[in-house]
Amino acid sequence: MNRLPDVRTRDNQAQQIQDAVSNVEKHFGLLCQLLAAYIRKTARLRDKADSLVKEISIYADTETPNLKRGLKSFAVELANIQDYRTAQVERLEAKVLEPLKSYGTIVKLKRDDIKAALLAWSRESKQMAQLEKTRQRNPSDRHIISQKIFTEFITIEMAFHAKALEVYTNAYQHIKDIDEDEDLENQQTPNNRRKNQLEDEVDDEEEDGDDDDDDDEH
């Protein structure tokens, strides 16, 4: 008894496989483009943050001691976050984007395999077995690659944000610890000393004037 499917069944199977491959090509291609854009924007955000760190540090050098110390510490923490962001970008490129690109090549090879099998299906049952094997294997591949890629994506993002939260907490505390009253007091102390000095000079001049008046009366 001939175990090969009839022509209609074979046509349906071939169409299903071709549709699956086309679907993967379309959506994985879009995912690849969007992930690449996401990574580029993350890298640009890091660059902007580096500029912000530099400006905060420059401004801190012009301020009072406590504010300067708080801003400098804040800038250090913000710079640390950008180091983690750099690692985030590198990991996303290596563990998410590159595997996705590589799978695009695999999909193209699958399409070539399908075409070769379809050309030979009417001649050899072995080729039909190959087509059936391709049909069974194809969904599994894309499920595995999808799971792996998005698991890596989530893991990398969680690691970055967990570390960023820790560093942002430290940065927040540095800003909260800035003692404005102490800076104000330190700023006023030299002014008070100068004011007292001026008052003493005025008192001395008045006393000298009183002595001159006494001498004139005599």
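The protein exposes about 15100 Å², of which carbon and sulfur atoms supply 51%; accessible areas follow the Shrake-Rupley method with a 1.4 Å probe, and for residues only the protein chains shown count as cover. The model is predicted: local features need pLDDT of at least 70 and side-chain atom pairs count only at pLDDT 80 or more, whereas totals for chains, interfaces and linings use all residues. Residues are numbered from 1 along each chain as its sequence is written, and side-chain values use heavy atoms, with hydrogens and water left out.

The secondary structure consists of four helices and zero strands, in the order α-α-α-α along the sequence. Helices (H or I, at least four residues) and strands (E, at least two) are DSSP runs numbered from the N terminus. Of contacts (heavy atoms within 4.5 Å) between residues at least 6 apart in sequence, 84% join residues at least 24 apart. Buried residues account for 27% of the 218 residues, where buried denotes under 20% relative accessible area, with a 1.4 Å probe and protein chains only.

Helix α1 (residues 7–60) contains R46. R46 is buried, at a relative accessible area of 17%. Neighbours within four places in sequence aside, R46 is in contact with Q82, R85 and T86.

Helix α2 (residues 65–120) holds E77. Although buried, E77 has no salt bridge, and K163, the nearest side chain of opposite charge, lies 9.0 Å away. A salt bridge requires a side-chain nitrogen of Lys or Arg within 4 Å of a carboxyl oxygen of Asp or Glu; Lys and Arg count as positive and Asp and Glu as negative, while His and the chain ends are not counted. Beyond residues up to four places away in sequence, E77 touches V167, N170, A171 and H174.

Definitions and conventions
Buried < 20%, exposed > 50% of the residue type's maximum accessible area, 1.4 Å probe, protein only.
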